[in-house]
Amino acid sequence: MPIRQIEGISKLSEHIGQEVGLSDWFEVTQELITQFAHTTHDVQWIHVEPDRAARESPYGTTIAHGFLTLSLLPLLSKTAIAIDGVRMAINYGLNRVRFTAPVHAGARVRGRFVLASLDKIPRGVQATWNVSVERDGSDRPCCVAEWLARYYQ
């Protein structure tokens, strides 16, 4: 998908209530899942033991951590949306998050970004994004989140 180019922070308000971007697909590999598990010290077998997961898991394979899926939002957004004139962008937080379906090792995911609201802050804006992370081949999103991002000029 082509990146949606927004011509400056002031133009973001024209997109409130609209889908602004759809990211490229990104593969969630077993290697990435294992690295995340070791980084976060969450090495539960459902994430890091493919043979055991194949035998004992209801998914038949290892799955990504929900927080790994969530941590992909900045990457996915960068392949979907570019805002001109942004000096700095920060994650400000989340209002709601749900992990609604598993992300199997080897699955591809992408993010769908709808701008829910925009508030002025000193030297910038705070955007509230309704994000759905979709898994290739699934009707259900694997993660839905209300994500707050701040953009500074």
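**Disulfides.** I looked for disulfides first, taking a pair of cysteine sulfur atoms within 2.5 Å as the rule, and the count came to zero. C142 is in no disulfide, and the nearest cysteine sulfur, that of C143, is 6.6 Å away.

**Ground rules.** I am working with a predicted model, where local features need pLDDT of at least 70, side-chain atom pairs count only at pLDDT 80 or more, and totals for chains, interfaces and linings use all residues. Residues are numbered from 1 along each chain as its sequence is written, and side-chain values use heavy atoms, with hydrogens and water left out.

**Burial of the cysteines.** I checked accessibility next (buried is under 20% relative accessible area, exposed over 50%, partly exposed in between, with a 1.4 Å probe and protein chains only). C142 counts as buried at 2%, and C143 does too at 1%.

**Strand β7.** Strands here are DSSP E runs of at least two residues, numbered from the N terminus. β7 covers residues 124–135, and ten of its twelve residues are buried.

**Its partners.** I called two strands paired if DSSP finds at least two bridges between them. β6 (residues 107–121) runs antiparallel to β7 over twelve bridges, with S117 bridged to T128. Two residues separate these strands in their hairpin, and R123 takes a positive phi near 65°. On to β8 (residues 141–152): this strand pairs with β7 in the antiparallel sense over eleven bridges, and Y151 is the bridge partner of V125. Their hairpin has five residues between the strands, and G137 in the turn shows a positive phi of about 90°.

Notes: Helices (H or I, at least four residues) and strands (E, at least two) are DSSP runs, numbered from the N terminus.
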